[in-house]
Amino acid sequence: MTDGIFRQLLRRPAGLTVLVVLGLFYLIAVFADFLAPYSVTDQDLRSTFHPPTALFIEDGRLHVQRYEMHDGENDNAGYRKVPGEGSPISFFAEGRDYRLLGLVPMNRHLFVVEGPDRLYLMGSDQVGRDIYSRLLHGTRISLSIGLIGIAISMCIGFIVGGLAGYFGGVLDNTAMRVTEFLMAIPGLYLLLALRGAFAEDFTPTQMFFLIVFILSFIGWSGTARIIRGMTLSLRNRQFVLAAEVMGQSSWKILWIHVLPNVFSYLIVAATISIPGYILGEAALSFLGLGIQDPSVSWGLMLSQAQNPQVFMEGYWWFLVPGLAIFVTVISFNVLGDVLRDIVDPKQKFLRT
Amino acid sequence: MKTLIAKRLLILIPMLLAVSLMVSLLMSLAPGDPVTQFEMMPDVDEDYLQRLREDFGLDKPWYVQYFHWLGQVVPFSYDPQAASFFQRFDFTPNFGFSYHYRTEVWDLIVQRLPATILLSLTSLLLAWLIAIPLGVLAAIYKDSVFDRISQMLAYAALSIPEFFLALLALVFAAWTGWFPIGGFTSTEYDFLSPWGKFLDIAHHLLLPTIVLGIGGVAGIMRIMRANFLDNIRAEYVTTARAKGLSEGVVMFRHVFRNAINPLITAAGFAFSSILSGALLVEIVMNYPGIGQLVYDALLQQDAFVVQAAVLMSVIMLMLGNLLADVALSMNDPRIRYD
């Protein structure tokens with residue numbers, strides 16, 4: 001069943017395009033260590049707010065342009081090219097150690113600068129960290145939080161919605177009141193209140209799971225309501241009644257008869273809600289309540305761009321993570337819409 | 001209609017009780033309390049801190065604190081010593097005292113709430129003003145270049161994070177210097193003429209409104225387009241055309257009024273995301289609304305302020321939905337709530 005959806009998805013130009021884009025992003029997330037010349041925390045206080053470095057070719061090899069500091073106008077220190085000087089770049093060379101997929105120890109990188117100069121493809125931030133490297137590493141958190149969060153809240157949503165729709169009565173009433181309660185508070189206010197209940201000092205891993213937990217806690221209610229509605233209508237269909245008469249257990253009926261019938265809707269609902277998780281994490285990190293140094297996410301990078309120097313002198317490359325969030329979210333939005341067109345062309349259950 | 005309003009307002013009571021209970025629990029779970037920040041100060045002794053905690057009731061379990069708060073919050077008190085009969089009754093809600101701002105929480109709310117309500121309404125209005133004509137045109141000229149472009153723009157507007165847009169707006173304001181950065185009014189506000197006051201507030205409001213409004217445009221536009229398309233194919237349109245009515249009358253007097261119904265409900269739902277968006281925009285653009293208040297209060301562990309601000313957001317959301325339902329039944333007499 002999902003096989004058919006996937007084939008139809010590939011046949012549509014919009015679907016194919018966003019699948020390629022998202023696939024590329026996930027590849028980047030997996031191979032971030034290989035693609036990035038520097039680590040997340042690798043800083044150089046002598047080259048803060050460095051503009052993107054120029055490249056030139058000499059002796060058939062690509063070189064990084066050397067820069068020197070100079071006093072510019074208005075007492076602002078600037079960077080000036082040193083003509084003809086620089087460091088060569090070697091490809092597939094050995095560099096700092098890392099573990100591929102967190103398992104395989106490796107030290108090969110796509111490119112490594114041999115020499116004192118630093119390569120800033122997208123400039124550097126206020127402590128001289130490479131924005132390009134941080135952007136690639138940030139992909140991991142921003143992209144995985146959506147998938148993990150949605151998996152958790154879809155599970156809760158299906159179990160609660162399915163049980164409520166199937167058994168009805170007190171259970172149904174309670175579940176629906178709880179979802180109404182969660183929906184009565186504007187999302188971010190609830191998010192902040194929940195976040196307020198936890199301490200500030202967490203390890204990056206703990207923080208990651210805390211954010212996932214909070215986002216899924218908020219996110220399951222919408223799914224539960226849709227699933228409940230669908231289970232209610234499935235409940236009195238012949239095949240469910242037949243299964244009941246034959247004495248199948250309620251769990252089995254939910255698992256074998258209800259789940260396959262709502263599965264395609266679950267997938268679409270999941271895709272449509274993923275942007276909410278990505279934006280939620282970005283917003284939390286942006287507010288300083290989510291991912292924190294030494295870890296990195298796009299939201300955190302944007303929060304670090306809130307700096308008078310960025311505003312007044314226009315270091316536009318600082319806003320690159322915002323663009324990354326934008327592209328990811330728009331891809332998931334388009335994917336969700338295309339999937340919905342395939343699964344639910346009349347938009348009976350899923351409307352925006 | 002009256003039963004609808006009464007019902008909704010009655011539901012609000014248990015909802016507010018549940019929300020306030022949850023917020024109290026969450027705030028009590030947080031490590032530390034408002035007094036914790038004084039522990040670091042070398043010249044404050046332990047006994048004083050202990051006395052502070054006892055005075056504020058911070059040494060009691062959270063549910064005791066909650067019921068104490070609940071007893072205070074009911075906006076009604078009786079003072080037999082007051083001079084005249086009417087002064088004996090006091091209707092000011094007592095939301096407690098802010099540890100951080102050293103003032104009544106209610107005063108803070110009264111200060112901040114209008115700014116947020118104003119921002120939400122103007123951005124909702126802006127979103128409607130842009131989205132409805134775009135949606136209608138996209139539906140009338142379906143599959144044209146205009147339709148394609150507006151759909152693409154809708155996707156873009158839907159996907160751009162509010163805080164990113166707010167950041168871009170800040171950069172824009174800093175570069176051009178055309179707009180004030182943050183604030184609700186200028187420092188010289190009190191000396192301005194009424195017209196000048198209005199312009200001053202509008203000047204401060206413009207950029208946040210645009211930032212917040214753009215996010216809302218996409219959703220409304222897509223719903224408007226879909227509804228309009230549904231209604232164009234309806235039989236009453238054929239009838240109207242057969243009667244010889246002009247195309248403009250058919251589209252705007254017949255189709256438009258029918259197509260706008262679901263939008264009114266959608267406005268109620270959009271209000272939730274507008275309030276969330278307003279929170280981010282207020283924080284980034286330093287706009288003194290209730291969202292900024294709740295964020296600052298959270299960082300300071302100012303429990304009563306968080307409590308009051310979250311409750312206000314719930315009330316705003318519920319009233320927004322209620323207003324949408326009332327407006328819907330006014331636009332469409334067929335709809336009855338019983």
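1. Residues are numbered from 1 along each chain as its sequence is written, while chains are lettered from A and ligands numbered from 1 in the order in which they are written. The model is predicted, so that local features need pLDDT of at least 70 and side-chain atom pairs count only at pLDDT 80 or more, whereas totals for chains, interfaces and linings use all residues.

2. Chain A has 12 helices and four strands, and its C-alpha trace spans about 85 × 45 × 40 Å along the principal axes. A residue is called buried if 20 or more other C-beta atoms, placed from the backbone, lie within 10 Å of its own, exposed if 12 or fewer do, and partly exposed in between; buried residues make up 42% of the 352 residues in chain A. Two residues are in contact if their C-beta atoms, placed from the backbone, lie within 7 Å, and among contacts in chain A between residues at least 6 apart in sequence, 71% join residues at least 24 apart.

3. Y38(A) sits in the loop between α3 (32-35) and β1 (55-58) of chain A. Is Y38(A) buried or exposed? Y38(A) is buried, because 24 other C-beta atoms lie within 10 Å. Leaving aside neighbours within four places in sequence, Y38(A) is in contact with D130(A) and S133(A), and its C-alpha atom is separated by 8.0 Å from that of R96(A), 58 residues apart along the chain.

4. E244(A) belongs to helix α8 (residues 238-245) of chain A and counts as partly exposed because it has 14 C-beta neighbours inside 10 Å. From C-alpha to C-alpha, E244(A) and I131(A) are 59 Å apart in space, and they are 113 residues apart in sequence.

5. Between the chains, 40 residues of chain B are in contact with 35 residues of chain A. On the side of chain B that touches chain A, the largest share, eight residues, comes from α6(B). Ala, Val, Leu, Ile, Met, Phe, Trp, Tyr, Cys and Pro count as nonpolar, Asp, Glu, Lys and Arg as charged, and the others, Gly among them, as polar; by these classes that side has 34 nonpolar, five polar and one charged residues.

6. A nonpolar core is a set of buried Ala, Val, Leu, Ile, Met, Phe, Trp, Tyr and Cys residues joined through C-beta atoms within 7 Å. Of the 158 residues in the largest nonpolar core, those that touch the most other members include A166(B), I220(B) and V294(B), and the largest share of this core, 18 residues, comes from helix α9 (residues 250-286) of chain A. Apart from it lies another core, of five residues, including V64(A) and I89(A).

Conventions: Helix = DSSP H or I, 4+ residues; strand = E, 2+ residues; numbered from the N terminus.
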